[in-house]
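Hi everyone, thanks for having me.

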Amino acid sequence: MKKIFFLVSLVFCSYESFSQKILTSWSQQNIENYTKEMYDAAQGLTSSELLLKNINDKTWSAVFLTLNASVNNYSKDAVYLEGLAKQLANNQETKLQGTSRLIIWDRILNKDILFEGKGLVVDNDLFRVGGRANQLLQNLTNKNFGFVTANSTDKELEELKGKWLAYLSNKPVEQYQPIEYKNAKIPEISSLVAMQALITSLQDNPQKQQLVKNCLKKVYNLDEMPKDKGSSASYCNPDTYTFAYLGMLLGDTKFDSSKDAKWWQNFWDMNHSKLVWNDEKGVYEVRK
């Protein structure tokens with residue numbers, strides 16, 4: 001089976017959209033178990049079948065196929081859009097499988113997703129039916145009335161559903177204005193939720209160890225990490241990216257080896273409630 005190839009490669013840049021952005025690099029090749037045969041099959045689904053599929057999707061590749069088929073075939077289908085809006089209050093959760101290079105900060109924070117240092121940042125919680133429905137609506141209409149997160153309450157979901165149904169009935173609805181991190185070097189990592197998730201991702205775990213081992217063997221034919229700190233093989237370890245991101249958020253101009261995983265966790269525990277964004281410098285500072 002042929003893998004679908006659509007290359008997007010950016011360095012410390014982003015693809016701007018309401019609900020997804022690229023952090024460092026990402027392409028559809030990074031989606032596990034995503035084939036041309038699956039793509040073709042999804043394109044042939046009816047709107048009713050896609051609505052049911054959105055409820056039952058259990059993998060990241062399946063979610064992406066639903067999004068792709070919806071955008072390609074039903075962006076102007078009023079009945080389909082209304083059906084998606086009615087799914088917003090569905091709080092059903094599925095532990096998505098095959099989430100390589102998918103970045104949902106809340107899910108990295110609670111360890112449902114392994115942070116790999118780069119990938120596609122999605123603001124909606126794709127583990128929830130309502131989050132997937134919101135992702136679809138935002139992409140289909142280019143409108144944003146708020147995000148569905150892992151912490152969204154039933155009341156908040158009902159309110160969001162009401163806004164979408166009002167909009168689809170041609171009623172005026174004020175759009176959501178996300179927090180702006182002025183002069184941020186990388187806006188995708190600049191929220192406090194993202195910062196906390198990055199710090200959490202630094203903690204060692206067997207899944208990350210295996211990721212590093214596989215990368216070293218596949219890309220460099222190495223069995224262990226070189227002792228040379230300047231080796232490009234160091235990018236097999238997601239922490240190489242993470243330390244750089246975190247240093248950037250505090251305005252560090254060079255890597256400080258004393259700021260290890262323990263240092264960052266202690267820093268967060270002591271200061272997270274005092275962190276404020278400096279619009280001029282584009283960094284976080286600890287409020288005195």
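Let's begin with one term: a residue counts as buried if its relative accessible area is under 20%. Keep in mind, too, that this is a predicted model.

Now try the term out on Thr242, which sits in helix 10, residues 238–249. Is Thr242 buried or exposed? Its relative accessible area is 0%, so Thr242 is buried. What does Thr242 touch, leaving aside residues up to four places away in sequence? The answer is Phe115, Leu198, Ser201 and Leu202.

Two of those names come back when we turn to Trp105. Again not counting residues up to four places away in sequence, Trp105 touches Phe115 and Leu198, and its partners also include Leu23, Val121, Glu188 and Ile189. Trp105 belongs to the largest nonpolar core, which has 65 residues. Along with Leu23, Trp60, Met195 and Trp264, Trp105 is among those with the most contacts inside this core. Which helix gives the most to the core? That is helix 3, residues 60–73, with six residues.

Strand 1 runs antiparallel to strand 3, residues 119–122, and four bridges join the pair. If you want to find one of them on your screen, look for Gln20, whose bridge partner in strand 3 is Val122.

On to helix 6, residues 129–141. From its first C-alpha to its last, helix 6 reaches 18 Å, close to the 18 Å expected at 1.5 Å a residue. How many of its 13 residues are buried? It's 12, so you will find helix 6 mostly covered. Those buried residues pack against strand 1, strand 3 and several helices, among them helix 2 (47–56) and helix 7 (154–168).

Last stop: helix 8, residues 192–201, and helix 11, residues 261–271. These two pack at an angle of about 145 degrees, and their axes are 9 Å apart. On the helix 8 side, the contact is made by Leu192, Met195, Gln196 and Ile199; on the helix 11 side, by Trp264, Gln265, Phe267 and Trp268. Look again at Met195 and Trp264: both were on our list of residues with the most contacts inside the largest nonpolar core.

Note on methods:
Residues numbered from 1 in each chain as written. Predicted model: local features only at pLDDT ≥ 70, side-chain atom pairs only at ≥ 80, totals over all residues. Heavy atoms only, no water. Core = buried A, V, L, I, M, F, W, Y, C linked by side-chain atoms within 4.5 Å. Buried < 20%, exposed > 50% of the residue type's maximum accessible area, 1.4 Å probe, protein only. Contact = heavy atoms within 4.5 Å. Pairing = 2+ DSSP bridges. Expected span 1.5 Å × (residues − 1). Axes fitted to C-alpha atoms, helices over the stretch in contact; angles between N-to-C directions.
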